[in-house]
Amino acid sequence: MKMVDEEQDGGYDVLEQEGEEEEDEGEKALLEQEEEEQVLVPCPLTEENLKEGLSLLCKTGNGLAHAYVKFEAKEKHLTDISLLQRYIHLRYVDLSENKLRDLSPLSSLTHLLWLKVDGNLLTSACMQELPYLQIISFAHNRIKDMEGISHPRLVNLSLKGNKIKTALGLSQGQLFSLHILELRGNKLESTAGLNLPKLKNLYLAQNAISSLEGLEGLGQLTTLHLRDNQLETLDGFCSTMKCLQYLNLRNNGINSLQEVAKLQVLPMLRALVLLDNPCSDEADYRVEVLVLLPHLERLDKEFFEEDERAEAKKIRQQRQEEEQEMEGSADSDMTE
């Protein structure tokens, strides 16, 4: 009876905590909605802002003149950047920590290589295609989807700290050069839609991912961060992910080391993080993981020692022999 009482008390504590969390989330959503609906005091970019922010004098594309190619205007409360349309030679632009909702004036900056618009009020990352743009950071905005990102030379894209629930709108066929994708701290529930053949580094920590889908096209991926998600199984990894070397699964819901066996399809996996999963509490956890994944070099940031390797090899051989004996017994039973 005492055990039942303790469980019931624990259950009430959990319910109360969940109720408080729901209230906090509700209040937060309400505040965000009020902020979005709040009428912004217009604050357009001025000639004075331009004089302060322009730098890096370089030759223009045709080599016949000089122009400023860098512009920075951070924390200026800007709501309108229309004045930038005239500065067609800009290559590096930082407009972080303003109140921008519209980036359309940037469509005339066809020489743009680098753009940072962190901490604004953007609800979409959709922009007109810019032919030379290589790096964009949209971190900590209010972006809800991944549609309209189609810059052919884009190498590095950050959308961390937004409200993205799905990657299915991503223009896979147009992002031929994308190597780094940062989606930490969004609301993704699945990896579906992230089929980017040239991608090397994918950061998906702090989402709500419970299923791994569409990973078969990530043939060049070397690093995958899935920390702080809701994974309970490791279905979805496949042998076509032949370059994956580093996998971080810290603080998910992986209960059994049987799930870890599903990572045997990853031929190049060398470093794995499983801390703060229930399976990391199992007896002889490190050795058991090495039994399953003999090519692994590091587990939870620590390299395997020689004695761990020797023990894992011995256990693996014993189990293989036992399996062979069982198969032999089964075959003899059938012949009898």
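On a 1 Å grid over the protein atoms alone, a cavity is a set of points where a 1.4 Å probe fits but cannot get out, and its lining residues have an atom within 4 Å of a point. Keep that picture in mind for later. This is a predicted model, in which local features need pLDDT of at least 70 and side-chain atom pairs count only at pLDDT 80 or more, while totals for chains, interfaces and linings use all residues. Residues are numbered from 1 along each chain as its sequence is written, and side-chain values use heavy atoms, with hydrogens and water left out.

Let us begin with some strands. Helices (H or I, at least four residues) and strands (E, at least two) are DSSP runs, numbered from the N terminus, and two strands pair if DSSP finds at least two bridges between them. Strand β1 (residues 54–59) runs antiparallel to strand β2 (residues 66–72), and five bridges join them. Together β1 and β2 make a hairpin with six residues between them. In its turn, Gly-63 has a positive phi of about 75°. On its other pairing, β2 meets strand β3 (residues 92–94) in the parallel sense, over three bridges. Follow Lys-70 in β2: Ser-55 stands opposite Lys-70, and in β3 its bridge partner is Tyr-92.

Now back to the cavity. The structure holds one cavity of 30 Å³ or more. Its lining is made of Tyr-246, Ala-271, Leu-272, Val-273, Arg-298, Leu-299, Asp-300 and Lys-301. The largest share, three residues, comes from β11. By class, five lining residues are nonpolar, none polar and three charged; here Ala, Val, Leu, Ile, Met, Phe, Trp, Tyr, Cys and Pro count as nonpolar, Asp, Glu, Lys and Arg as charged, and the others, Gly among them, as polar.

Last come the charged pairs. A salt bridge is a side-chain nitrogen of Lys or Arg within 4 Å of a carboxyl oxygen of Asp or Glu, and the whole structure has ten. One joins Glu-297 and Arg-270 (3.9 Å, N to O). This pair links distant parts of the chain, 27 residues apart. Another joins Arg-319 and Glu-288 (2.9 Å, N to O). Arg-319 lies in helix α5 (residues 306–335) and Glu-288 in helix α4, so the pair ties together parts that are 31 residues apart in sequence. Buried means under 20% relative accessible area, exposed over 50%, and partly exposed in between (1.4 Å probe, protein chains only). Glu-288 is buried at 18%, whereas Arg-319 is partly exposed at 34%.

How values were computed: 1 Å grid on protein atoms, 1.4 Å probe; cavity = no way out; pocket = protein on both sides within 12 Å on 5 of 7 lines; lining within 4 Å. Points joined across faces, edges and corners; volume = space filled by probe spheres on them.
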